[in-house]
Amino acid sequence: MFRKRLDRIWGQLKDEHAGLLTDYKKKNGPDLLQALLDAAGKPCSQPSATDVPNITRFVVQLDARLPAIHVLTWKEADGTIGDVRLAKSDSADALAQVVGVMIRSAKFRKSDRNARDESGNWREEGGKWRPVRQLWQKLEKLGEDEAFRSVLDVWHGQQGNELLPDFRVLEYLQALTNGPDARSVPIKSQSVQRFVLRVPGMKDTIDVLRRLKDDGSLAELRMVPAQKERLPWMINDVERGAVRSVARRTREEGKGPRASANFWNPLKEHLTTQFEAFREDRRRKHERVPAPGAFVKHLDALCMDDRRSEVVDGDNDIWKHEVTPDGSREPIVLLRRTDTRGLASLRVISAGMTLAAVQASMVSDLTKGQRKASAAAPPTEPAPPIAPQPATSPPKLKDAHQLTQVLELAVINKAQSKELLAGVAEATGIPDRELRNWINYDGSLLRAASALTNLRGYFDEREDLYGLFTQLGQPESAKVLPGELTAEQMVKVLRARLAHPGANTTRLAHMVSCNPEAVARHFADDHATFMKAGNYTLRALPDYTEHWAGLQAALKALGHVERAAGLPEPDNEAQRFLRELEERLYPVRIAVAQMRRDPTLLAADAAQLVNTWPEMPALLDKLVGPGGTLRDATAIARDLQAFTPDLQPRLENLLNRIDPQVRTGAMVEELMPAQGIMPGKVFIVREPPPDEAALAQGAKPVRSRRIERIYANSADLVVAPRSYRAERQKQSLRWLSTVLKGTFSRAAEVQAYWDPKRGEIWVSSNDTSTNAAIEDFLSTGMLTRNLQAFSGNPHASRRARHTSKLRKMLNDESARPAQARELLDAMFNGRFRVPIEVYRRSPSGPRIELHAERRIKRAFEDQYGEGSLDRNRIAGTMRPCGICAKDFSLPDTARRGPFWMSRSGGEGYDVVAVAEENRNASIGAYATATRQGELTIAYNTDSTDGESETEEEAPRGTTSTFALSSWPVRKARTALGKRNATETAAQADRPGSAPPPAKRR
């Protein structure tokens, strides 16, 4: 018992006296205290009395070479030592401080003894404090105890109040919540209450949350934080405590969920052979040998994935499934029913058993269960009816792209000064409680960073998550995002495979304590192709230099001699700098231009204007000197370790390409900074005039580059609404793309392609997961159903116009124009193709979210041959970006949009070279003038006014009568200044036009 007391005492002393363990070479604190007590009992310890009768002071010298230690002990009434403390010195102040601590500790021990009986069990009076103590310990762990201590200080400062232990302040505040001065504040919670209290002796009121147990005693009490945006998180946390309490109580009463093993009882007689085969299969895969409960879960998962299931009894929700368990060759037939708690009951139909008999047995068990529930229910309350549909648990955040979508919406809310998660639950379908379990009130990551690797597709989304956390002002959350395998971990995996040749990647991951998904990305189960990671991936690993030799040796030991010989030699610092600069050259070039324009701009801020990558600020710090000037090659080389003369031409060439000054041509590159979830964009336009008004007010010029200013001297690059009468096929594809983009909010753009040879319509967005959803949407006939459900004003918006027109064409076959009849027939009959492939630079590289039109082109030509796609038959919500136009080999006269500062936007191309080529050839980036006179790049050229796009529009290639002077006068002047822009209206979109997005990756 005394040893435990020494443990508790040392827990209070260790921060201040931890150095004594080293000085006196003791294993732990309690041993040191025991040695001091032993020495205090010797005559040489110089005992002396204090002002408190129970406390004695000793001067202990354990080692003559070390200073003496001042030890104070407290002797209980029965003569035993109740407490021992150490003083820093023999000064009066140091001794008085320790004596005060010992007095308070003695009062607490007395209170504790009074709360227990002779056997050490809690008395009724003392036992009521135990839950309050546990709650106090929780508040201390959360760091919320300081606010309560201030209330306790006020209590102790009032004359006549007894000295209370810290945790008793919760009992005091609970009494105040029941008092007449407590003001209740309504909140949206059934189990949590909020009170504003006036504490005697305190000037300000305090705001608390309270949850009570069923018997009226205190379950939880929390102080509402000063940051009101934290309140929903705190309410959620208190509510979770109520949920856990109910779960514990129901388990104790025998009403909670049964273990999976209990569901094994009706199955074990018939599935023993299959169960043993399942266990043997797991042994072969070097996985943990499963218990019967795991086998039941496996069967239930197979049933959930069975798409050929049949309904046997609709009233009782009994389904028939035919599944083949792992390790077995023959299928088994199961009947499955889900109860109101979401738990599945399984029955097997084995040889000699009939479907009707097994079904009757399940219904009989169900009836018995209902009778038991009715008998156990209180007589005043009828038993609840059996729900016609099985209860489903609320959806969880399981995919990384869901988290990306949540953070994108949070960034938008932050820009609008809203609470970060306002409306996110409704937009994503993920419950608000689940969201607040992941994201804190300030946008930081609430869960452990390691939990992210359990989300499907996390490594594909990691770079996007990094950028989003940075935009939310949470660089610490961005820094702790788990990365790919390190080179050291790869060496461990290779060695584990050498020791266990038959182990699969999952088993190897467990052996070396790595994430299984990360291991599976870089390694395969097949020995011949075991290491999938390419040289590009390996060389980019931060510790590749240190473990290059280890990788080579491990590969040779596995017999992969050629692969070992092909490993690239590691880069030194200079080589790594040049490689990273080449990979990010165009974004770096644009960021350098912004730092030159605004010399006060920091490297991190310039990187965020373009787009956020972890490496960019470090690159900019090495490249840009004082005043925003580009440093010369000699100065940069001097700062790079292992820089050799043969690297000088390569560095100078890169610096020449970074120089943002215009040397030829009449065009310039203008940056629109990244905004929220949208990456930065670079426009090839004529140089805008300086923003004199903004400069006069001290604004930074780089911040004021709005689209109206960017196009102020480029009226010929603004496309006014025009007719699509002569392009019925493209018109129909535009309608379809607009409807799909409006249906799937994650899609920044949608493109569609008509293949008349095969009578198919290819559709794609710029997001892989959205494409999968679009494929399901189109294949199940939801397009027609959604069109039929549209009942809004057909002239309210672009989306409403296109929806109503497409619905009319699909509803009325006679209304379909001859030019597009075949296409509209294919649309009506659901002949769609959607590319759902995941694109990567290498088998183990990051996922690339190609722009929509490039996805269609790649998938189409992979199937039908290169050059088989007709670029004139693609249309959608936006015109092609600069890189997409290059990929489609569009002529110089074809209209295109800006260059997008994202990894996916420039995939496969030298963006610097393409941008310079466009600028020097005066190939500008076009913008759209809407019907309302707004400038935008969010979608392609608008159509002319009128109830239909089929009547008053002129054929392509003729001059439209629409002129920019018909815009609202104020907007026309703002957007285009004094330039004569009527020539813009006379131009029509060139063949091959397709779009970039409002938010492209």
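Student: Before anything else, what makes two aromatic rings a pair here?
Tutor: Rings of Phe, Tyr and Trp pair if their centres lie within 6.5 Å. This is a predicted model, and a search of the whole structure finds 12 aromatic pairs.

Student: Okay, how are the rings of W264 and F275 placed?
Tutor: Their centres are 5.2 Å apart and the planes are at 55°, so the pair is tilted.

Student: And where do W264 and F275 lie?
Tutor: W264 is in the loop between helix 9 (231–252) and helix 10 (268–284), while F275 is in helix 10, so the pair ties together parts that are 11 residues apart in sequence.

Student: Are those two buried or exposed?
Tutor: Both W264 and F275 are buried. They also belong to one aromatic cluster, together with F278 and F295.

Student: What about F523 and F530?
Tutor: They form a tilted aromatic pair, 5.0 Å centre to centre with 40° between the planes. F523 has 1% relative accessibility, so F523 counts as buried. F530 counts as buried because its relative accessibility is 1%.

Student: Switching topic: which residue lies over the face of Y864?
Tutor: R758 does, at 3.4 Å from the ring centre. In another case, the charged end of R816 sits over the ring of F828, 5.2 Å from its centre.

Student: Now helix 39. Why is it described as largely enclosed?
Tutor: Because 7 of its 10 residues (the helix spans 911–920) are buried, the rest of the structure largely encloses it. The buried residues are V911, V912, V914, A915, E916, N918 and R919.

Student: What do they pack against?
Tutor: Their partners are helix 25 (585–597), helix 29 (648–658), helix 38 (882–887), strand 13 (667–672), strand 14 (681–686) and strand 22 (899–900).

Student: And what happens at the start of helix 39?
Tutor: A side-chain oxygen of D910 reaches to within 3.2 Å of the backbone nitrogen of V912 there. After helix 39 comes S922, which has a positive phi, near 55°.

How values were computed: Residues numbered from 1 in each chain as written. Predicted model: local features only at pLDDT ≥ 70, side-chain atom pairs only at ≥ 80, totals over all residues. Heavy atoms only, no water. Buried < 20%, exposed > 50% of the residue type's maximum accessible area, 1.4 Å probe, protein only. Helix = DSSP H or I, 4+ residues; strand = E, 2+ residues; numbered from the N terminus. Contact = heavy atoms within 4.5 Å. Polar contact = N/O pair within 3.5 Å; in protein donor to acceptor, adjacent residues only side chain to side chain. Phe/Tyr/Trp six-rings, centres within 6.5 Å; stacked < 30°, edge-to-face > 60°. Lys NZ or Arg CZ within 6 Å of the ring centre and 35° of its normal.
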